[in-house]
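Please keep the sequence and the model in view while reading.

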Amino acid sequence: MDKSSQRLLHEQQWMVPNSKKVYEHLLQNGFTENTVRQVIYESEFHSFDLGVQYVPDALQWLFRAK
């Protein structure tokens, strides 16, 4: 693994734990499960191809009719 890949892997190891902290903070400060949503997909690495599959559902949730 080259140095650039090692740096990227090291930086990404904190993505999920930090995302979980932000989600919990939002829930503790006035947001509800109806107003904030978190989806974490299992993967060995950050993948645009995998992540982009969640965009349609995310947009549908974000702009859902009231």
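Of the 66 residues of the chain, 6% count as buried, that is, under 20% relative accessible area, with exposed meaning over 50% and partly exposed in between (1.4 Å probe, protein chains only). This is a predicted model, in which local features need pLDDT of at least 70 and side-chain atom pairs count only at pLDDT 80 or more, while totals for chains, interfaces and linings use all residues. Residues are numbered from 1 along each chain as its sequence is written, and side-chain values use heavy atoms, with hydrogens and water left out.

The chain contains four helices and zero strands, where helices (H or I, at least four residues) and strands (E, at least two) are DSSP runs numbered from the N terminus. Along the sequence the pattern is α-α-α-α. The accessible surface amounts to about 6100 Å², and 57% of it belongs to carbon and sulfur atoms; such areas come from the Shrake-Rupley method with a 1.4 Å probe, and for residues only the protein chains shown count as cover.

The largest pocket has a volume of about 780 Å³. A pocket is an open set of points on a 1 Å grid over the protein atoms alone, where a 1.4 Å probe fits, with protein on both sides within 12 Å along at least five of seven lines; lining residues have an atom within 4 Å of a point. Grid points are joined across faces, edges and corners, and the volume is the space filled by probe spheres set on them. The lining consists of 27 residues, and Met 15, Val 16, Val 39, Ile 40 and Tyr 41 lie nearest the centre of the pocket. Helix H1 (3–12), helix H2 (15–28) and helix H4 (55–62) are the elements that each give two or more residues to this lining, and H2 gives the most, with seven.

Tyr 41 itself is found in the loop between H2 and helix H3 (48–51). Tyr 41 counts as partly exposed because its relative accessible area is 22%. Its C-alpha lies 8.0 Å from that of Gly 51, a residue 10 positions away in sequence.

On the surface, Phe 48, Val 52, Val 55, Leu 59, Leu 62 and Phe 63 form a nonpolar patch with about 620 Å² of accessible area together. Patches of this kind join nonpolar side chains (Val, Leu, Ile, Met, Phe, Trp, Tyr) within 5 Å, from residues with over 30% relative accessible area and no salt bridge, the latter being a side-chain nitrogen of Lys or Arg within 4 Å of a carboxyl oxygen of Asp or Glu. H4 supplies the largest share of the patch, three residues. Val 55 lies in helix H4 and is partly exposed, because its relative accessibility is 38%.

Conventions. Patch = residues over 30% accessible without salt bridge, like charges linked within 9 Å, V, L, I, M, F, W, Y side chains within 5 Å.
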